[in-house]
Amino acid sequence: MPEVIVQYQAEIIKALGETFVMVGASIVAAVLIGLPVGTFLFLCRKEQMLAHRFTSHLLNLLVNTIRSFPFLLLVVFLIPFTRLIVGTAIGTTAATVPLAIIAIAHYSRLVEQSLLDVPKGVLEAAISMGASVKDVIFKFLYVEARSGLVLGLTTSIISFISYSTIMGVVGGGGIGDFAIRYGYQQFKTDLMLYVIIIIVILVQLIQWIGATVAKKIDKR
């Protein structure tokens, strides 16, 4: 192992920990909030169970607005909100706020797309049997779309890792920020390449796990 990598080993481990915190918070936000938002995006569409034009337009407007922001500008724009929520706009904890917001918008759209792939006959059968909205969601929609939901979450997690590299602008740290500050800016090419390899391996592992789980639970 090159001497420069040994020299920065502790910092690399710390940066990985910061990345896991930021991405972990994003995953929690995506599942707990993005999944319900995406579900309502689907259910409030025209001809769906909860069809409501105003709600549908409002949710679409919010999701599209957040997704259309260049992420760096979104981070800066949310600084006052971040300070209000966590008491500071600097650090790893503060970095989780904009990441969580983009995670919600990103995954909710993928959830909607996965639910749109559920055959209409499944919903019609559920409704004809007198299933409640809750039953339709949990016993039919999520069951039929579970593979797509997992793949969507996998894609989102990889995007969250990419977004986390920008969080150095607010002192969020992370492995991507480490590569930029110590590798690129200090002209330590070998260190930068080592970190890039770590990120590539991490992304490949996440993709493999997600694809494996999705294939295992796919009922088709």
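A cavity here is a set of grid points where a 1.4 Å probe fits but cannot get out, and its lining residues have an atom within 4 Å of a point. With that in hand, welcome to this predicted model. The protein has 10 helices and zero strands, and its C-alpha trace spans about 70 × 40 × 25 Å along the principal axes.

**The overall fold**

- Reading along the sequence gives the pattern α-α-α-α-α-α-α-α-α-α.
- Helix H2 covers residues 9-43 and helix H10 covers residues 189-217, while helix H8 runs over residues 133-164.

- The largest cavity holds about 30 Å³ of space.
- Its lining is made by Val75, Ile79, Thr82, Ala89, Ala94, Ala95, Pro98 and Val170.
- Helix H5 (79-86) and helix H6 (92-116) are the elements that give two or more residues to this lining.
- H6 supplies the largest share of the lining, with three residues.
- Sorted by class, the cavity lining has seven nonpolar residues, one polar residue and no charged ones.

**The open pocket**

- The largest pocket contains about 290 Å³ of space.
- Which residues line the largest pocket? They are Phe42, Arg45, Lys46, Glu47, Gln48, Met49, Leu116, Val118, Lys120, Leu123, Glu124 and Ile127.
- Helix H7 (residues 120-128) gives the most to the lining of this pocket, contributing four residues.
- By class, the pocket lining divides into six nonpolar, one polar and five charged residues, whereas the lining of the largest cavity has no charged residues.

**How H2 packs against its partners**

- H2 and H10 pack at an angle of about 35 degrees, and their axes lie 12 Å apart.
- The crossing in which H2 passes H10 is right-handed.
- On the H2 side the residues are Ile12, Leu16 and Phe20, and they meet Leu191, Tyr194, Ile198 and Leu202 in H10.
- This contact of H2 with H10 consists of seven nonpolar residues, with no polar and no charged ones.
- H2 also packs with H6, at an angle of about 40 degrees and with the axes 6 Å apart.
- The crossing of H2 and H6 is right-handed too.
- The residues in the contact of H2 with H6 divide into 19 nonpolar, seven polar and three charged.

**Aromatic rings**

- The model has three aromatic pairs.
- One of them joins Phe71 and Tyr163, whose ring centres are 4.8 Å apart and whose planes meet at 35 degrees, so the pair counts as tilted.
- The cut-offs behind that label are simple: planes under 30 degrees apart count as stacked, those over 60 as edge-to-face, and the rest as tilted.
- What does the pair of Phe71 and Tyr163 tie together? Phe71 sits in helix H4 (residues 71-77) and Tyr163 in H8, so the pair links parts that are 92 residues apart in sequence.

Note on methods
Residues numbered from 1 in each chain as written. Predicted model: local features only at pLDDT ≥ 70, side-chain atom pairs only at ≥ 80, totals over all residues. Heavy atoms only, no water. Axes fitted to C-alpha atoms, helices over the stretch in contact; angles between N-to-C directions. Left-handed = near helix turned anticlockwise from the far one by under 90°. Contact = heavy atoms within 4.5 Å. Nonpolar A, V, L, I, M, F, W, Y, C, P; charged D, E, K, R; others polar. 1 Å grid on protein atoms, 1.4 Å probe; cavity = no way out; pocket = protein on both sides within 12 Å on 5 of 7 lines; lining within 4 Å. Points joined across faces, edges and corners; volume = space filled by probe spheres on them. Phe/Tyr/Trp six-rings, centres within 6.5 Å; stacked < 30°, edge-to-face > 60°.
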